[in-house]
Amino acid sequence: MSKLVLIRDSKFQLHLPPTTHPESPERLAAIDQAFYKGALESAIDQLEPRFADENEISLVHTASYVEQLQIKAGDTANGLVVQLDDDTFMSPQTFDVAKMAVGAGLVAIDAISKNKFQNAFVSVRPPGHHALKSKAMGFCLFNNIAVAARYAQRKCGYKKIFIIDWDVHHGNGTQDLFYDDPTICFLSLHQYPFWPGTGAIAEDGRGDGKGFNINIPMPEGSGDRGYLAAFDQIVKPIGLEFQPDLILVSAGYDAHRSDPLGGQNISTSGFAMLSQRLSDLSDQTGAKVVCFLEGGYDVNALSASAIATMRVLNAVDARDLANVHVSYLIPGAASGLDPITNDNRPYQVDEQIAAVRKHFAPYWHSLK
Ligand SMILES: [Zn+2]
C-alpha cells in the first residue's frame, strides 16, 4: 500500500466549458499522462471517486442552490452550455461531474480516516475554492475542499482542520464559509491585488473565528523564495501552534511562472519544495494531508507540479527526499535548466510577511 492515494477518473474530463476556456479537460488529461509516463501507477495506489449526495453537498451549500443547479442542468439537456457567471459554465455532464468532484474528496477523507493511507491527492475538476454558499464563481460550482472539511468533522471525528490554499487566486469561497469558525483555520497565500479582489490581511475572521482566517497577500512576481519564506515564517509557526488533526490543501498551480493567468514566479521545483514543507508540517503535527486540485492553466507546468506534490507526499522518508528532490523531480534542474527562482520583489515580499506577522501576533504566540 502506498503512502499517498490518488483519487482520479477520466470522467472529470466530461465537464466542457467553451473550447477557449482555460479550465479545460486537457488539464487532467495532462496530469494522467504525466502520472503514467512517470510509471507512478506502480508506486501510488488509486481510488475511484463516488457521487456526493445532496445532504453531503448541503454541509456547506444551501439546498436551494443545489436545486437551482439541478434545474439549470436540465437546460443543458439538448447539448446547450449554460453560463452561471462571467466565467463559470455548465455543459450537459457538468452537474454530475461536479457532484463527483465533491465525492472524490469524501472518498479521500474516508480512506485516510480509516488509516489506509497517510496522504491523498484529489485530482478533479471543476475546481472549488471560489464557490460560495449559494453561488457559483470563478470556474467553481461546489466548494470541494469545504464540503470535505465539514464531512471530516461530522462523519470522521476530526476536530481541528488547517486549510492551506496556495492557488494564485484568493480562496474567497472557503474563507467565507468558515469565517466565524475557530475549528477550521483557513490560510491563503495568493497574488494581491488580483482577482477576485478579496484576501486582504484585515480579513481575519469574525466572532469566535477572529484570528483563524489568515490571508498572506503576495506581491506580483513573488517567486520560490517569497513563497517559501512566507511558509517558513507564517504557515509553519501557525500550523505548529494550531496543532490540527487534519491538513487540507487547495493545491492550485496557477502561481507557476509559466501560467497564463497568474503573475507569480514559482518554478516546478518551488512547488516541490512547498510540498516538502507541507510534508514536514504533517510529520511535526501528526496531521495527514489531503490536496485538492484547484487552478493551474499551463498544462505542462500543471502536470509536472502536481506530480511533484504527489511524489513528495508519497515519499517514505521525507528528510531524505528534501536533500535530493530537485534533481529527483526535475531532470535538468541540477544543471541549472530549471533554477530555483528568486522573487522579483524581495523587499516588498519581506515587508508583507512582516505585516502579516504583526497583524496576527495578538492571536498567535508563535508570531510574536
Ligand atoms: Zn486560481
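What share of the contacts in the protein with a separation of 6 or more comes from residues 24 or more positions apart? The share is 77%. Please bear in mind throughout that this is a predicted model.

I shall start with the overall picture. The protein contains 11 helices and 10 strands. Its radius of gyration is 19 Å, close to the 21 Å that the globule rule gives for 368 residues, so the protein is as compact as a globular protein of that length. Along the principal axes, the C-alpha atoms fill a box of roughly 55 × 50 × 40 Å. Of the 368 residues, 54% count as buried.

Let me turn to confidence. The mean pLDDT of the protein is 93, and 93% of the residues reach 70 or more. Residues 327-338 have a pLDDT below 50, although in the model this stretch has 19 contacts beyond near neighbours in sequence. Where pLDDT is low, the predicted coordinates should not be read in detail.

From its first C-alpha to its last, α4 reaches 29 Å, close to the 28 Å expected at 1.5 Å a residue. After α4 comes N115, with a positive phi near 60 degrees.

Leaving aside neighbours within four places in sequence, V147 is in contact with A52, E56, I57, L59, V60, V102, G105 and F142.

Finally, I come to helix α11, which spans residues 346-360. This helix has 15 residues and reaches 21 Å from its first C-alpha to its last, close to the 21 Å expected at 1.5 Å a residue. Which residues of α11 are buried? They are V349, Q352, V356 and F360. These four lie on the same side of α11, because they cover an arc of only 65 degrees around the axis. The buried residues of α11 pack against strand β8, residues 213-218, and helix α7, residues 224-242. On the face turned away from the buried side, α11 carries the exposed residues Y347, E351, A354 and K358.

That concludes my presentation; thank you for your attention.

Conventions: Residues numbered from 1 in each chain as written. Predicted model: local features only at pLDDT ≥ 70, side-chain atom pairs only at ≥ 80, totals over all residues. Contact = placed C-beta atoms within 7 Å. Helix = DSSP H or I, 4+ residues; strand = E, 2+ residues; numbered from the N terminus. Expected span 1.5 Å × (residues − 1). Buried ≥ 20, exposed ≤ 12 C-beta atoms within 10 Å, placed from the backbone. Arc of directions from axis to C-beta. Rg over C-alpha atoms; globule rule 2.2 N^0.38 Å. pLDDT = per-residue confidence, 0-100.
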